Structures are given as structure tokens and as C-alpha cells.
Amino acid sequence: MPDPDVFQILFLAAVAAIVLYQLYATLGRRVGRQPEDVAVTATSGAASAPVDPILQAEGVATLKARQPDFDPSRFLTGARAAYEQIVKAYAEGDRETLKPLLAPDVMDNFERAMAAREAAGRTEKVEFLTPPRVDLERVDVVGDTAKAVVRILAEVRTRTKDERGEGVDDRRTAELWTFEREVKSTDPNWNLSFVAAAEA
């Protein structure tokens, strides 16, 4: 009669062997993406770079299909500079600076407002308390005309002088400025074609 202790040891050894085999069968196989797979992918193809959120703005891909050299970041840099230049020129009544930057309808509106201010004997100067923030909202391409809508947040100080004296007004502004240009034009400049209030 075999020793019960020996029989129990043999039984437990068999169970352990089965368990170890199952563990090997499960953990020993390559499941999913392995570290070496990542290394091969990285070396066999171009490394993936973070996607610029500006490039994901609505309509950017459509414009780049028509104008491959369109650079949203450079465009926004130019939009900020144009905004500061237009706001200051409007306050000072500088028509010579404004005319090439504005669409005819916008220039007409600015002209009426400047003329009314001058008729009232009032002068203005504007300074920016912080650099304006500009964000590309969307781009629309209609026919051969590209329109880029830019959200602009700014903190400005306006100094006004009239017969009653000088007043100082600090305020925050939130506006949507629409710039447009003809895609086929050799002139790379964008003109301001519309201004609307926006939520801050």
C-alpha cells in the first residue's frame, strides 16, 4: 500500500505543474503591443509630433488645400500686430495708416466715426495694458475669398480730451475680427472686413 503522504505530495506536484503550465501559456505569450514593437515603429517611420491646436481650427485644412503656404501661427502674429495698429490709428484719426488695412465698408464706418469725433472737438489715445490675446476661431473659403475669424481679448486704456478736460477709461474688450483676402492674389496681406462683439 503506497504511503498516503507520498501520494499527496505527488498529487500536489501534479497540480503545481498544471498551474505553472497555465501561467506560462498565458504570460509567456506576446499579447498586444510590446516595447520592441514601439522601437521598430519609431525607427521605421517618422516620429509623431504633437498636433498644433491652431491647425485643428475649423476650415484651416480647406484653406491650406488652396494655399499650401498658409501658416496659422504666422497669420495670428500678423493679426495681433494689425489689431494694435488699427486700434491706435483709429483713436488718432490716422486715415493714411487705416486705409490699406481695412475693407472699403469698414473704412467708411471708421471715417464717419472719426469725423464725428473731430467735429465734437474730442481727441483720443489708446495704450494696451497687456499684449492682446488672439485665437483663430475658424476659416471660411467662399469661392476665391478666404475669411479668417479671430477672437481678440484686450485690456486697453483710453485717454480722451475735449472741452471738459481729460478722461481715462480702462476696460477689457472681447471682439471677433474677420480678416479676408483673395486666395489667388499676389498680395499676401489680409484686410479687416468685419468687427463684432464677442463673449469674453
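This is a predicted model: local features need pLDDT of at least 70, side-chain atom pairs count only at pLDDT 80 or more; totals for chains, interfaces and linings use all residues.
Over residues 23–51, pLDDT stays under 50. For this stretch the model has 8 contacts beyond four places in sequence. Taken over the chain, the mean pLDDT is 81, with 72% of residues reaching 70 or more.

Nonpolar side chains tend to be buried together in soluble globular proteins. The largest nonpolar core of the model comprises 37 residues. Within this core, the residues with the most contacts are Phe75, Leu102, Leu136, Val150 and Phe179. Both helices and strands supply two or more residues to the core: the helices are H3 (60–66), H4 (72–92) and H6 (104–119), and the strands are S1 (123–128), S2, S3 and S4 (165–182). The most is given by H4, which provides 9 residues. The surroundings of Phe75 were examined with its neighbours within four places in sequence left aside. On this basis, Phe75 is in contact with Phe70, Leu136, Ala148, Val150, Phe179 and Trp190. Among these partners, Leu136, Val150 and Phe179 are also listed with Phe75 as residues with the most contacts inside the core.

Charged side chains were considered next. Side chains of opposite charge can pair when their charged atoms come close. The structure contains 15 salt bridges. One of them joins Glu137 to Arg151, with 3.2 Å between the closest N and O atoms. This pair links distant parts of the chain, since Glu137 lies in strand S2 (residues 133–142) and Arg151 in strand S3 (residues 145–162), 14 residues apart. Glu137 has a relative accessibility of 35% and therefore counts as partly exposed, the range for that class lying between 20% and 50%.

A salt bridge is also formed by Arg117 and Glu124, whose closest N and O atoms are 3.5 Å apart. Both of these residues are buried. Arg164, in turn, forms a salt bridge with Asp162, and here the closest N and O atoms are 3.0 Å apart. Because its relative accessibility is 75%, Arg164 counts as exposed. Salt bridges that share partners also join Arg66, Asp144 and Lys184 into one network.

Note on methods
Residues are numbered from 1 along each chain as its sequence is written. Side-chain values use heavy atoms; hydrogens and water are left out. A salt bridge is a side-chain nitrogen of Lys or Arg within 4 Å of a carboxyl oxygen of Asp or Glu. Buried means under 20% relative accessible area, exposed over 50%, partly exposed in between (1.4 Å probe, protein chains only). Helices (H or I, at least four residues) and strands (E, at least two) are DSSP runs, numbered from the N terminus. A nonpolar core is a set of buried Ala, Val, Leu, Ile, Met, Phe, Trp, Tyr and Cys residues joined through side-chain atoms within 4.5 Å. Contact means heavy atoms within 4.5 Å. pLDDT is the predictor's confidence in each residue, from 0 to 100.
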